[in-house]
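Visitor: I have a structure open and would like to learn how to read it. Could you walk me through a few features?

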Amino acid sequence: MRLADLCYGSGHFLRCGNVLAFLDSVPQIPSVNVILRACHLLWALGRRALAYDVLSRVTESLIFSHQKNSWDLKDKPGDEILIASILTRSEWCGILIRASKFTRRSRYFNQCLSIVIRLLQRVTKLVPLQPRAWHSWALANYEACEQLERRELHKLGNSGPVLASSPGTVSVFHHVIQSIGGFFRSLQLFDAVVLQDTLRLLTIWFKHGTRSQVSAKMLEGFGHTSVDVWLGVIPQLIARVDYPDEDVRHLVADLLVQVGRAHPQALIYPITVSAQSASESRRVASVGILGGLQQFLVAEANLVSRELNRSAITWHEAWYQGIEAAANLYFGSADVQATIHGLIEMHHSSHDTTIVTTRLAAFAHVYSPDLLAAESFLSRFCRLRNHADMHQAWDIYSAIHKWVKQSIFTDKLSHLDLGQVAPSLMCAGSMHVAIPGTEGGRNLPVRILSISPQLRVLASKQRPRCLRISGSDGKEYQFLLKGHEDLRQDERVMQLFGLINALFNKTYNAGHGHKEPLHVQQYVVMPLSNNSGLIGWLKCCSTIHQLIVNHRSHSGILVDIERRFTEAIACDYHKSPFMYKLGDFKYVLNRTYNRDLANVFLVTSGDVSIWLMRRTRYARSLAVTSVVGYVLGLGDRHLSNILVSDKSGEVIHIDFGDCFEVAMKRKRFPEKIPFRLTKLLVNAMEVSGVEGSYRLTCNHTMRVLRNDFHSLMAMLEAFVHDPLVDWKLLSTNNSHFRNVLKQTLVITDRVQQKLTGSTLHDPRFCVSPIHQIDGLIREAQCAENICQMYGGWCPYW
C-alpha cells in the first residue's frame with residue numbers, strides 16, 4: 001500500500017495501477033482500501049465522473065454497514081475511512097459541479113451536493129474538533145450558495161446580482177449562514193492560518209453583508225477567532241474600509257483597529273497609504289482607524305510614506321510624464337476634455353505643495369512663470385473656447401517638455417540627494433516604525449535606524465531609485481523605489497505566490513515530488529500610493545535581455561542580428577500576411593544560433609557541479625513559473641520582465657500588470673501563447689530540452705495546483721472582486737455593475753477551466769495533468785503563435 005501511495009505521489013500512475021491490481025488479489029488487505037486508492041487514481045487520470053460514482057457507491061456501502069452502530073466512533077477504526085471518504089467526496093463534488101455547469105450532468109451533481117451537505121453536517125457533530133470536517137462542510141455550503149446564485153442570475157436574464165435580500169433566495173441565505181459558521185470553526189481549529197478559508201469568508205461577508213443576520217454571525221465569529229488570522233488579508237480588509245453598508249463598514253474598522261493594536265507595525269503602512277487616498281470616504285474611514293493606533297507610529301509612517309512618494313517622482317518627471325500623456329490624449333485621441341482635466345490636475349497639485357524642498361524651489365524658480373502663463377491660456381480656452389488660446393498653451397507646454405526632458409535625460413542625473421528631495425526624512429534619524437517587509441508575523445520588527453543620504457537613479461524609462469535602509473538588526477536593506485506604476489496588483493500576486501509555496505511545502509512534507517521543495521520567488525512589495533511604491537531588491541539577479549546583450553557584446557556578435565536578417569528578407573515584417581510572416585520567421589530562426597543563455601551558464605560556472613546545479617534549478621524554476629503564469633493568465637513576458645539569479649540560475653518574474661489573459665485580448669499584437677518557451681530558453685536546458693526536468697516539474701506543479709483547486713480559486717476570486725485593483729479587463733467604458741459582474745464570472749470560469757483540465761471547445765471533457773501540460777508545451781513552442789508577437793517581445797530569443 002505504501003508503494004502504491006509513493007507511485008501515485010510521484011506521478012507514476014501506470015505503476016500505481018499495477019500495484020493496486022496486485023493488492024486487490026491479496027485477501028489479507030481490506031478491499032475498501034484498494035478501491036479508495038483506485039478512485040484517487042481514476043481522478044488523477046482525468047476520469048473524474050467515474051471516480052466520483054465509484055466513491056459514492058463505496059461511501060453508501062460504508063454508511064449502510066455502520067447504521068447498526070449509530071455511527072459510534074469509539075474504537076471503530078473503520079469509521080475513519082468512512083469520514084475520509086465523505087470528506088473526499090464533498091471536495092470532488094464541488095469540483096465536478098463547477099466543471100459540469102454547462103453539461104447535462106450538472107443537475108445530477110447538484111443533487112449529490114445536497115446529500116453531501118447532510119453527510120458532512122453529521123460528520124461535524126461526530127468529530128467536532130476535526131478542522132477538515134468543518135472546512136469541507138463550509139465549502140460545500142459555499143458551493144451550494146454559488147450554484148443557487150448562478151441559477152437565479154440566469155433566470156433573471158443577467159439583470160443584476162442576486163443579493164441575500166432578494167425574493168426567493170431564502171435557501172441562499174441559509175447556506176450563507178452555515179458557510180460562515182463552518183469557516184470560522186475551521187479557522188479556530190486549524191493549527192496554522194488557512195489563508196484560503198479567510199479569503200472565502202471575506203468574499204461571503206462582502207457579498208451578503210447587508211443582512212443583519214450575516215453581520216451578527218461575523219461579529220460572533222470575530223469574538224472567538226485569533227487576531228493573527230487576519231494578518232494575511234490586511235490588503236483585502238483595507239480595500240473595504242469605505243464599504244457602502246454602515247454595519248459592514250463599522251465591523252471592518254473595528255477589526256482593523258484590533259489588528260492594529262495587536263500588530264501595529266503590520267497595519268501602519270497600508271492604512272497610512274489609504275489615508276492619503278483621493279476618495280474622501282476612504283480617507284475619512286482610514287483616518288478614523290489611524291486614531292486607534294499608536295500616534296508616534298502614525299506620525300513616523302506618514303513621514304516615510306509622504307517623503308518616499310515625493311522622492312519617487314520629482315516635479316521634473318511628473319510634468320514630463322503629465323505633458324506627454326496630455327499630448328497623447330489631445331493629438332492622438334482628440335479627447336479635449338480629458339486633456340484639460342489632466343493638465344488642470346497637474347497645476348492644482350503644483351499649487352497645493354506646502355513643503356518646499358531645494359529641488360522643488362529650483363523647479364519653481366525656472367518653470368513657474370511659464371506654467372502660470374500656460375495655465376492662464378488653458379483657463380481662457382475653457383471659458384471662451386478659442387482654439388488660439390489652446391495653441392498658445394501647447395506652445396508653452398512643448399517648450400517646458402523639451403527643457404524638462406533635457407534636464408532629466410541629457411544631464412544624466414545618476415544620483416538624487418535625499419536632503420534636496422526629502423529633507424525631513426533625512427533629518428528623522430532613528431525611528432520606531434519597521435522596515436517594509438519585516439513588520440508582519442510573530443517575529444520582532446526591524447526598526448529603521450537611518451536611510452542612505454543618496455538615491456541612485458537607474459538608467460531606464462521610468463528611472464526608479466535604489467534606496468538603502470539601515471535596520472536595527474545591523475543589516476542593510478535595499479529597495480527599488482518605483483514611480484509611475486501601481487504596485488497593488490503586484491502585492492496581490494505576491495500573496496498568491498505565498499499560497500502556492502505553502503502548497504508546494506505541504507506536498508514536499510507529505511513525501512511526494514522532488515528531493516527539495518519547489519517554490520516561486522517572492523519579494524517585498526509595498527505600495528506608497530496609486531502610482532508609486534517600494535519593491536524588495538533582488539540581489540545578484542540580471543534580466544535575460546541584459547545577459548544576452550552583454551554576452552553578444554563581449555563575443556563580437558551583433559545584438560540585433562535577427563532583426564537585420566528579417567529586414568533583409570522582408571521590408572515590413574509585421575504588416576506581412578500571416579503565411580509570409582511565418583515563413584520569414586522560420587527562415588531567420590533556423591539560421592541563428594540561439595544558445596546565448598546556455599553559453600552564459602557555461603562561461604560563468606566555476607566547475608561542472610555548479611553548472612549542473614544552475615541548469616537544473618533553471619529548468620525547474622522555469623517550469624514552475626510557466627505553469628503558475630498560465631493559471632494566472634500572465635502576459636507581457638518580454639525578456640526584461642524575466643530575471644535569472646546569477647548564483648542559482650533560478651528564474652524570477654517581475655511586473656504583473658497583465659494578468660487574466662489581458663495580453664491575449666489586445667487589439668494590436670494579441671498574444672497567442674500560454675507562457676514563454678522560445679528556442680533560446682529551451683536551448684539553455686541543454687540536451688534534454690523540455691523532455692527532462694522541465695516536463696516532469698510542469699506535470700508535478702500542475703498536479704499540485706489542481707489538487708488544491710479550492711485554495712487557489714479562493715485567492716483568485718478575492719483578487720478579481722477587489723475594488724482597488726484594476727485588472728484591466730474590468731475597466732471598460734460601460735462601468736455598469738452588470739457588465740463588471742459578467743466579466744468577473746468570465747475570468748473565474750476561465751481559471752476554473754485551467755485548474756480542472758477542461759478544454760475550451762468541450763467543457764465536459766477534462767484531460768489529465770500530463771496531457772494538459774503536453775498540449776500547453778506544444779502551444780507555447782508553436783512557431784505559428786510565436787511569429788505573431790510584437791518586436792519588443794523578442795520572439796527570436
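**Reading the chain**

Guide: Let's start with burial: of the chain's 797 residues, 53% count as buried, where buried means under 20% relative accessible area, exposed over 50%, and partly exposed in between (1.4 Å probe, protein chains only). This is a predicted model, where local features need pLDDT of at least 70 and side-chain atom pairs count only at pLDDT 80 or more, while totals for chains, interfaces and linings use all residues. Residues are numbered from 1 along each chain as its sequence is written, and side-chain values use heavy atoms, with hydrogens and water left out.

Visitor: How many helices and strands does the chain have?

Guide: Helices (H or I, at least four residues) and strands (E, at least two) are DSSP runs, numbered from the N terminus. Here the chain has 33 helices and 10 strands.

Visitor: What span should helix α29 have?

Guide: The expected span of a helix is 1.5 Å times one less than its number of residues. For the 15 residues of α29 (residues 693–707) that gives 21 Å, and the end C-alpha atoms are 21 Å apart, so the two agree.

Visitor: Is α29 mostly covered or mostly open?

Guide: Mostly covered, with 12 of its 15 residues buried. Among them are Y694, C698, H700 and L705.

Visitor: How many aromatic pairs does the structure hold?

Guide: Rings of Phe, Tyr and Trp (its six-membered ring) pair if their centres lie within 6.5 Å; planes under 30 degrees apart count as stacked, over 60 as edge-to-face and the rest as tilted. The structure holds 17 such pairs. Take W205 and F222: their ring centres are 5.5 Å apart and the planes meet at 70 degrees, so this pair is edge-to-face. W205 is in helix α9 (residues 195–208) and F222 in helix α10 (residues 212–223), 17 residues apart. W205 and F222 are both buried.

Visitor: What kind of pair do F331 and W394 form?

Guide: A tilted one, 5.2 Å centre to centre with 55 degrees between the planes. F331 lies in helix α16 (residues 315–332) and W394 in helix α19 (residues 387–410), so the pair ties together parts 63 residues apart in sequence. F331 is exposed, at 57% relative accessible area, whereas W394 is buried at 5%.

Visitor: Which charged end sits over the ring of W793?

Guide: A charge sits over a ring if NZ of Lys or CZ of Arg is within 6 Å of the ring centre and within 35 degrees of the ring normal. For W793 it is R676, 3.8 Å from the ring centre. R211 likewise lies over the face of F173, at 4.2 Å from the ring centre.
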